[in-house]
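Have a look at the model first, then read on.

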Amino acid sequence: MFPSIPKDLVDNRLEEILNDKNAPLSISSRLTSPHYITLNALSRHDNHSTTEIKRKPVLCFNIHAEKHLKNRAIRILDFMCKNLEHRGHQFALDNYDHTVVIIDTIQIHFNIRQIGKYIPGEKGKYSTREYITTDNLAIQAYEHSYSTKQWADAKIVKLEDKLLRIIAYLEIYAEVEKQQKIIYKEQRRLYDLKLQNEQEVFQKRQAEKSKLDELLSFSNDLDKAKKIEIYLNERREYLLTKGLFTNEEKEYYEWGIKKAAWINPLIDEKDDLLDI
């Protein structure tokens, strides 16, 4: 989320925004004609907000600030919403009913919050830091919650003076991210195609190996059957010449010939015992 964006790209986009004569480029000291999202934020921020606002998901970016900073945070939100909408971007609820601004198909969350700082605790063996809030405000933006980018008040430049640059940055980020998603999608397609091809080759190889194994098995069985027949015939001839081919030998010979026929893959010979 939020890779390093070349400064010149942001500068060029900021110049484009500043040259838009119809854009609401100045932030007023008083809230006038508030955006509907601003009104939703006011209702949510108000302790007496209606149950409808609490119960039903509405388009509303979160504000986390103490009461004395509420007016300023609301005006910043109103300025952001009006300019984002003027730039042609849309607001929507994501799959979790969180409000996002959609910039060039990229869904971006943002919120306005009061920030704090850590100060050293009392010196001692177990020295700790204490977190205190300040009167500084910040905008946090993210596409995925595990990675955010923050713009905050500084000693010289206030957050209000950064808002148009933030919008320019988000637009450039969305364009870059969209292209990255296209590249990733194509890489994923090629990877899946490679896996599919490898799987097809593997299946063909397995089928070929299975056919070869079957061929080797048939040829080995045929070879065994032929060897048995040769052995039995030569044994029979030898015993006949010696006058030793008894009924018992005849039964053995016939039994062996049947077994050879059962082994022979070219002969459909059945065997009551071996076929069980």
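## Ile172 on helix H5

Keep in mind that this is a predicted model. Let's start with Ile172, which sits in helix H5. Its relative accessibility is 5%, so Ile172 counts as buried, the cut-off being under 20%.

What does Ile172 touch beyond its neighbours within four places in sequence? The partners are Ile5, Leu9, Val10 and Arg13. For a sense of scale, take Ile172 and Phe245: they are 73 residues apart in sequence, and their C-alpha atoms lie 100 Å apart in space.

## How H1 meets H5

Two packed helices are described by the angle between their axes and the distance between the axes. Here, helix H1 covers residues 7–18 and helix H5 covers residues 163–242; their axes come within 8 Å and cross at roughly 120 degrees. That angle makes H1 oblique to H5. As for handedness, the H1 and H5 crossing is right-handed.

On the H1 side, the contact is made by Leu9, Val10, Asp11, Arg13, Leu14, Ile17 and Leu18. H5 brings Leu164, Arg165, Ile167, Ala168, Tyr169, Glu171, Ile172 and Glu175. Sort the residues of this contact by type and you get 10 nonpolar, five charged and no polar ones.

Ile139 has quite a list of contacts once neighbours within four places in sequence are left aside.

## Leu77 on helix H4

Is Leu77 buried or exposed? This residue of helix H4 has a relative accessible area of 0%, so Leu77 is buried.

Not counting residues up to four places away in sequence, Leu77 touches Thr38, Ala41, Phe61, Ile63, Phe110 and Ile112. Finally, Leu77 and Tyr146 are 69 residues apart along the chain, with 23 Å between their C-alpha atoms.

Terms used: Residues are numbered from 1 along each chain as its sequence is written. This is a predicted model: local features need pLDDT of at least 70, side-chain atom pairs count only at pLDDT 80 or more; totals for chains, interfaces and linings use all residues. Side-chain values use heavy atoms; hydrogens and water are left out. Axes are lines fitted to C-alpha atoms, for helices over the stretch in contact, and angles run from 0 to 180 degrees between N-to-C directions. Helices (H or I, at least four residues) and strands (E, at least two) are DSSP runs, numbered from the N terminus. Angles under 35 degrees count as roughly parallel, over 145 as roughly antiparallel, 65 to 115 as roughly perpendicular and the rest as oblique. A crossing is left-handed if the near helix is turned anticlockwise from the far one by less than a right angle, and right-handed if clockwise. Contact means heavy atoms within 4.5 Å. Ala, Val, Leu, Ile, Met, Phe, Trp, Tyr, Cys and Pro count as nonpolar, Asp, Glu, Lys and Arg as charged, and the others, Gly among them, as polar. Buried means under 20% relative accessible area, exposed over 50%, partly exposed in between (1.4 Å probe, protein chains only).
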